[in-house]
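Please look over the model below before reading the points.

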Amino acid sequence: MSALSTYEQVLKGKYPAKEHAKRVAEYIRSKFPDNGDGSALRAVLYLESRATKLLEDNDEAEPFRQRRPFYYLTGCPLADSHFVYDLASGKSTLFIPPIDPESVIWSGLPVSAEEALAQWDVDEVKYVADVAPTLASLGAVSTTGGGNAKTTVFAMEGQVSASTTFPEFDTKNFTLLKEAIDECRVIKSGYELALMAKANDVSSAAHRDVLSHVSKVSNEQELEGRFLGHCISKGLKNQAYHSIVASGRAAATLHYVDNNKPVSNKLNLLLDAGAEYSCYAADITRTFPISGKWSTESRAIYDIVLRMQLECIEMLKEGVLWDDVHLHAHKVAIDGLLALGVLKGDKEAILRDRISVAFFPHGLGHYLGMDTHDTGGHPNYADKDTLFRYLRVRGTLPAGSVITVEPGVYFCEFIIRPFLKNPEQAKYIDEAVLEKYWDVGGVRIEDNIIITKSGYDNLTTAPKDPEEMLKIINGSA
């Protein structure tokens, strides 16, 4: 999938919006098998894109990010648009803004209805003035036997403009459509995987670019600039999330955002960064020595985390219980930290008492797609078991899903010091040995993995072999 010729060929087609709409419709029908009275469900799906909004106290528009549910059913990136899908006929209609002569001089001609129909996978394109009459006609459909059919409109809570009230519909449901789209988004089409493959290839190359410059810069912000510049130069202007460019001890902060500190006299850099392509994300993390030479402690921790990741990836296939994979990562971490002397005592007791959470406090990974932390994972943040509390995916993995595998080992004083103050926990940690590792900060390695029926495919090609990374940093690769 990561070969350029493979995904570029797929991307010559259209984003499969009709396929997505049919899947969502079937999910909704499954909740109403006989409409309660033996008749088929008569329903309409209604979605609105994000509206254009000006910056506060400014006449410039805010940066635009399309609503993901709207994009999933249309493939359309336009603001101020609407979408209607009739379950009875299977017809999809996109409504786009009309030409505003006063804005053309500033922004150029907008997309016409004819151009939109050719570009996006919908059955009909109209202008937004037709939204109300179209909804009115669908809401008032009668059965062949006479009388009005019970017709339901499914829309998204908080994503319907005040002027749209659906007076013709008997029932209005503002919860099920979100659930249906969230669940359907978990399993990706081939086209979606191609989008993510391109995002991964560009992002992986940008990671390599940062590697080749890390020993030549003085500040984290220069490396962020390298990453962003590479992505933009390849046509990927948007990032999937705010990059984490954390040097030294800052790498122990999981969502570090400053990206503006000097890198001199620090051991490692943790780079968590991924571009977005046509609303689909890459999410990649690499950790490497700034100087081009591993310290003994840094390499020891890196080897533990790499083993955690490689063993967990090899466990992946359709139907695997993600909770078990996450648990295995902790077992590997415990074995590694015991071998270094950071932990001491019986490894089963260490696992039982959840001591490894002090060093690996987050979940092993999350679903990936249009959102970095994508939908459908069913996390349980109220879980009393600290080992699983922050696991963003619970349950078995379906084929066609994409998940990140991102184990880490961190030396964060804010997290570890309370363990050291509790005698029942401190007995498992050798504080004298631990003292040698604070400057390592944190190590995380993250790849984006497609789950298949018999195994997995790895979308991420950024270097992670510790010796290969050194060669790139030192200019010998």
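1. Which residues in α10 meet which residues in α16? Arg-299, Tyr-302, Asp-303 and Leu-306 in α10 meet Pro-466, Glu-467 and Met-469 in α16, where contact means heavy atoms within 4.5 Å. By class, the residues of this contact are four nonpolar, no polar and three charged. Ala, Val, Leu, Ile, Met, Phe, Trp, Tyr, Cys and Pro count as nonpolar, Asp, Glu, Lys and Arg as charged, and the others, Gly among them, as polar.

2. The model is predicted: local features need pLDDT of at least 70, side-chain atom pairs count only at pLDDT 80 or more, and totals for chains, interfaces and linings use all residues. Residues are numbered from 1 along each chain as its sequence is written, and side-chain values use heavy atoms, with hydrogens and water left out.

3. The axes of α10 (residues 296–314) and α16 (residues 466–473) come within 11 Å and cross at roughly 125°. That makes α10 oblique to α16 (under 35 degrees is roughly parallel, over 145 roughly antiparallel, 65 to 115 roughly perpendicular, the rest oblique). Axes are lines fitted to C-alpha atoms, for helices over the stretch in contact, with angles from 0 to 180 degrees between N-to-C directions. Helices (H or I, at least four residues) and strands (E, at least two) are DSSP runs, numbered from the N terminus.

4. Helix α2 (residues 17–30) packs with helix α7 (residues 176–184) at about 125°, their axes 9 Å apart. That makes α2 oblique to α7.

5. The largest pocket has a volume of about 630 Å³. Of its 29 lining residues, Pro-77, Asn-238, Glu-276, Ser-278 and Cys-279 are the closest to its centre. Elements giving two or more residues to the lining are α3 (68–74), α8 (190–213), β7 (238–239) and β10 (275–277). The lining has 14 nonpolar, nine polar and six charged residues.

6. On a 1 Å grid over the protein atoms alone, a cavity is a set of points where a 1.4 Å probe fits but cannot get out; a pocket is an open set with protein on both sides within 12 Å along at least five of seven lines, and lining residues have an atom within 4 Å of a point. The structure holds two cavities of 30 Å³ or more.

Conventions
Grid points are joined across faces, edges and corners, and a volume is the space filled by probe spheres set on the points.
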